[in-house]
Amino acid sequence: MQTVLGIHSIVRWLILLFGLWAVIRAIMGVSGKSAYTAADTKAGLFFMIFLDIQFLLGIILLFISPIAQTAFSDMGAAMGNKGLRFFSVEHTVLAIAAIALVHIGRSKIKKLADDGKKHKTALIFFGLALVLLLALIPWPGREVIGRALFPSF
């Protein structure tokens, strides 16, 4: 369980890195009215790939994590506990929403011909996904649910 959780924690940094890369490229594209290049496509693609990997790791954790098992054994009680509610509902729902935004954004971008619209679409969808991701991460210092920035195996 600790290994999967450690990998899950490491992958979050890759997601944030590629998410920032995709959003910054979109901002530069919108403000500079530049062409939508292969680098823009790759930024969004890697953002999506690492989110998908994270999703698979998260599904595994839902089955093996004691936190998830405790929450799902009594959801009524879990809703009254900040930590259990965060991991069983808030973390999960926001993650799925962020993944959906990135997939929808990439799909819409592929259908557009205008580079400006591609950058604007990327900024909207990837930007919203990044905001959701920042909200769902159990940052250190967060009451009840904070985790270390880097995992210890």
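How many nonpolar, polar and charged residues does the lining of the largest pocket have? In this predicted model, local features need pLDDT of at least 70 and side-chain atom pairs count only at pLDDT 80 or more, whereas totals for chains, interfaces and linings use all residues. Residues are numbered from 1 along each chain as its sequence is written, and side-chain values use heavy atoms, with hydrogens and water left out.

The lining of the largest pocket has 20 nonpolar, eight polar and two charged residues (Ala, Val, Leu, Ile, Met, Phe, Trp, Tyr, Cys and Pro count as nonpolar, Asp, Glu, Lys and Arg as charged, and the others, Gly among them, as polar). A pocket is an open set of points on a 1 Å grid over the protein atoms alone, with protein on both sides within 12 Å along at least five of seven lines; a cavity is a set where a 1.4 Å probe fits but cannot get out, and lining residues have an atom within 4 Å of a point. The largest pocket holds about 640 Å³ of space, a volume being the space filled by probe spheres set on points joined across faces, edges and corners. Of its 30 lining residues, His8, Gly58, Leu61, Phe87 and His91 are the closest to the centre.

One cavity of 30 Å³ or more is counted, and about 40 Å³ of space lies in the largest cavity. Its lining consists of Ala22, Arg25, Ala26, Tyr36, Asp40, Ala43, Ala122 and Phe126; by class, six are nonpolar, none polar and two charged.
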